[in-house]
Each structure stands twice: as C-alpha cells, then as structure tokens.
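Trainee: I would like to work through the helices and salt bridges of this model. May we begin once the structure is on view?

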Amino acid sequence: MTTLHSTLDSGSVEYTAAAEAMTTKLTEIGAEFAKNVAGGGPDKMARHRKRGKLTARERIELLIDEDSPFLELCPLAAWGSDFHVGGSVIAGIGIVEGVECMIVAPDPTVRGGTSNPWTLRKNLRMNDIAMENRLPVIGLVESGGADLPTQKEVFVPGGRMFRDLTKLSAMGIPTIALVFGNSTAGGAYVPGMSDYTVMIKERSKVFLGGPPLVKMATGEESDDESLGGAEMHARTSGLADYLAIDEQDAIRIGRSIVRRLNWKKQGPAPRAEVIEPLFDQEELLGIVPSDLKIPFDPREVIARVVDGSDFDEFKPLYGSSLVTGWAELHGYPVGILANARGVLFSEEAQKAAQFIQLANQSDTPLLFLHNTTGYMVGKEFEQKGIIKHGAMMINAVSNSKVPHISLLMGASYGAGHYGMCGRAYDPRFVFAWPSAKSAVMGGAQLAGVISIVGRAAAEAKGMPFNEEADAGMRAMIEAQIEAESLPMFMSGRLYDDGVIDPRDTRTVLGMALSAIHNAPIKGAEGFGVFRM
Ligand code: COA
C-alpha cells in the first residue's frame, strides 16, 4: 500500500480563507438550486396540490428505495436564460428495487411541464447517460409537450427524444413511462415509445390532439376521456399496460416492473471491502485557493477521495505538473490524472498519453481532476513540439474506450480542457466544484490578446490608438469572460452534469462509478496515429 500523506493545515490562514470563499460560493449555488425546487412558485404549487397531485420531487422520492440517495443531474440547467432554473424537469439517477435507473420527471408546475430548448437539451443528455451506462429509464410523465413560443428550437431536434427511447429499447435497456397527467401531442410518444406504460384512472390524458384540435381538424366533438383517458387506453387502445388507481399505485406498479426486469449489471463488481479515506473529507472545502493563480497539490484531494487514501503514483518524477496514478474508489479501480501546477508541458502530455493507454490495457476507468491553464506556449516549447505532444494526449483521450469522469476543481482552460477530457470528449459524467472556471483562456489574458491585436491593426493602418477606449474595452471583456467562465453559467448551458459540494465528491464519484458499471468496461484496442 502507498498511503498518501497530508500537509494540509486546517488551522492556517490560507485554509480558512479558501474554505470561507468556497462556503460563500456554495451558498450562492444553493440559492439558485432553491429556485429549481420552488417549481412554478407558491400559487402553481398550491393549485397542483389542490388537484390532489404529488409534486415531481415527491414522485421521485416515493419511487426510489427508502432512504436511498438520488444523484440529481443538471439541476442548474437553463441558469442565466429566460427559463426556469433546472429547465422545468428534474432528472437523475435513483435506485429502484436495487436497480440504478435514470429517472426523468417534468415539473408540471412550471409552464405545464412543457419542454423549452433547455428541457430538451437536458432530456437528451439524460438519454445519452442512460445509453452509455445502460441505465433503465423511468419517465414520470406530466407535460404539455413543446413550449409553443420556442417551438422553432424544440420541434426539429426534439424528434430525437422518441428516437432515443426506441434505440434504448433496442439496446436492451428498458424504458418505463408512468403517466401522471397530460401527455399530449408529441408528448404522447413518450408512453407510445416506452416498453412499459402505466396510466392512472381519471388522471392520465394521452392523445395526439386534444378536443379543440380534433374539432379544428375534423369537426368531431369529443372529450378528454374518450380521446385519451387511462381507462380507454387500458381497455380499448391497449396503449396502457397497467391501470393504476392513483399516483401511489402507479409508483408501486413502476417499482414492481423494475423488480421483474431481472436486471444484471454487466461491469465487474466492486471490491468487497471498502476502506474510507484516512483524511477528513470536510477538509475538501479549503483546498482550492480562491485565487486560482495559486497552485494547490491535488494529492490533498486524492487523499480525501480514494479508498484508504491509497494511491500508487505512476511516473512521479517525470512531468510533475500532472499527477497520474492508480487507486480504488468505493471499491472500483480508477486511474487518476490530476493537474498539479496548472500548465501542461510536453512531458506531462506524453505521460498522460502513456497512462491513458495503460488504463485501456487494464480496462480501468479514468478520473480527470482539472486545474489547468492549458499547454505551455513560447518559442522553446513550440520548438520542443508542444503541439504534437498535446495532440498525443488528445488522441489518447479521444480514442480511449474506458469510461471517463471529469471533475473541474479549479481552472480548465484552453486545449488543456480538451486534453483533460472536457465535455466535448464525452466523459460519462462531468462535475464541477463551485471554484471551477472554464474558458478558452483567463479573462485578463483574453482581453489582453484582443488589445494587442487591436493596437497592431491601428499601427498597420497608421491610425492613432485610443488608450482610453482600449482600457474600457479590456475591463468590459474581462468582466464578461469572468462571468461566462463560472460554474453556474457553465452548468446552465449543460457543459457539466452538476456543480457539487467538494465534501460530497467521494459519494458523487462513487455513485457515478457504480452507475457506469451497469455497462461492460472494455479498453480500446487501437488509437489514432501518435505523432512522434
Ligand atoms: N407552451 C408554452 N406554455 C404553455 C404550454 C405550452 N405548450 N402549455 C401551457 N403553458 C403555460 C400556460 O400558458 C400557463 O402559463 P402561465 O402560468 O403564465 O399562465 C402555464 O403553462 C400553466 O398552464 P395551465 O393551462 O394553467 O396549467 P394546467 O396544469 O391547467 O394545464 C396543460 C397544463 C399542459 C395541460 C395545458 O396548459 C395544455 O393543454 N396546454 C397545451 C398543450 C399542447 O397542446 N401542447 C402542444 C404540444 S406539441
């Protein structure tokens, strides 16, 4: 065993300042999450309850195993847009009858649970997660379908929702729709495309067109019940496989469907004995300095996240700005790549490329802990081949077939974000700490680049350069880039699957790894051509 040591002093001024800054950010994020939980506001909530209905969150709580955790994903989707925080849908991984399932529940109190562009992006992301990790999907359906004012953005790409459901089914991943209320128009294809459909007496309404639309289209007079009521679908159309008497009954039936799936995880089981880290996970609060220019040792994080703080470091003396090594997390083997001093040099890039190949050879999932300002620039480094070495790392990460998880702890800038498996490189999950920042480069650097380019252009034209306007422009751009780099902004755009409390890291990663192991774990047998 190679047990990590810690030099973190939780009584130090630095620790206290970092922990305070992190706590402030967590409070800010908590306030935004509260907006999600509040749904459509007190009036809409009260109306919903008066109708004798459970909220989307209560439905999830009843569905999952008692006292089991729910890994909520993308809870800040749509943050910073005109739409409700969370994208009007609650989604995540929950355990039903011992089976990890993807649960997706539109919030009917927010604009009738309709899908706006952010809802759609979140739903599609959930389908991808379900597909890659082989998670049965349970939809708790109550939605008015497309958000009509934004139909131009949801109609065409939205077709993928239904395609995904049947693709999942073809892959042997079960899909279950529990219909709590309206599921009209395009929404009717959710129960229509699911393997199992449960409807609730006098509650579910599933039709392609409601009475007014039918009247418009054909002149026929009709009513909700005969067009799409649960009884009709259970007895006449056959779209409902089960008829529930109320919401609780539908949830009970949903649970029994999962129990009968005879579900088997295809990945290897975790090691039986799991040893907790030797160091206090509470201290994860104060490791990242609020000024990301100050480096921190990622081994302090690893020591508080992996089993028994046991970490076998690979190539510790070579390319030391990137820490690589092997560990176990909740009993699952992982290879970890963690940035130590921000910049990636040629040595780090080559070390990463080798390490990723080794993980593929041993079918070991990879965890990327980001705190990088990118690959090193400058004459010396260009001449030593930083581009081709960075390309080696990006080749390895792109063609690696073992599951990847990315955690943005601090900076994640430039091509370093790519090499460390940013969102575009399809990690199975991406999480961010409130301290994370991600952009093409830092705000000051980006504003400085624009200023230098502007100065050179003015000189070339023989025009005077307006210093005052330039300073104003720089300040404005810097502020804009700063705002756009922050985790709430990134999470709002679904560039990550959630901003997490650093103290929950081990739990969140453990749940993610466990979900990942529903699918087989198999490394790549070939990579692209590595430039030497
Ligand atoms: N697009 C955008 N907004 C919609 C909407 C839609 N498809 N459906 C409902 N809303 C809005 C309503 O305007 C209302 O907004 P407000 O809170 O600002 O007043 C809010 O959502 C709640 O709607 P309401 O009708 O009061 O709620 P409800 O719970 O009684 O009924 C529906 C919800 C979804 C059953 C009902 O609104 C409905 O039938 N909508 C149209 C559904 C439809 O035809 N969709 C086409 C899909 S392709």
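**Helix packing and salt bridges**

Mentor: Helix α16 and helix α17 cross in a right-handed manner. Please keep in mind that this is a predicted model.

Trainee: At what angle do α16 and α17 pack?

Mentor: Two packed helices are described by the angle between their axes and the distance between the axes. For α16 (residues 443–461) and α17 (residues 467–485), the axes lie 8 Å apart and the packing angle is about 145°.

Trainee: How many residues of the contact of α16 with α17 are charged?

Mentor: The contact residues include Arg455 in α16, and Glu467, Asp470 and Arg474 in α17. Divided by type, the residues of this contact are seven nonpolar, two polar and, as charged residues, six.

Trainee: What distance separates the end C-alpha atoms of helix α19?

Mentor: Helix α19 has twelve residues, 505–516.

Trainee: Which residue forms a salt bridge with Arg506?

Mentor: Side chains of opposite charge can pair when their charged atoms come close. Here the N to O distance is 2.7 Å, and the partner of Arg506 is Asp307.

Trainee: How many residues apart in sequence are the parts that Arg506 and Asp307 tie together?

Mentor: Both residues of the pair are buried. Arg506 lies in α19, whereas Asp307 lies in the loop between α11 (298–302) and β8 (312–314), so the parts tied together are apart in sequence by 199 residues.

Trainee: Is Asp164 buried or exposed?

Mentor: Asp164 forms a salt bridge with Arg163, with the closest N and O atoms 3.9 Å apart. Arg163 is partly exposed, because its relative accessible area is 38%. Asp164 has 2% relative accessibility and therefore counts as buried.

Terms used: Residues numbered from 1 in each chain as written. Predicted model: local features only at pLDDT ≥ 70, side-chain atom pairs only at ≥ 80, totals over all residues. Heavy atoms only, no water. Helix = DSSP H or I, 4+ residues; strand = E, 2+ residues; numbered from the N terminus. Expected span 1.5 Å × (residues − 1). Axes fitted to C-alpha atoms, helices over the stretch in contact; angles between N-to-C directions. Left-handed = near helix turned anticlockwise from the far one by under 90°. Contact = heavy atoms within 4.5 Å. Nonpolar A, V, L, I, M, F, W, Y, C, P; charged D, E, K, R; others polar. Salt bridge = Lys/Arg side-chain N within 4 Å of Asp/Glu carboxyl O. Buried < 20%, exposed > 50% of the residue type's maximum accessible area, 1.4 Å probe, protein only.
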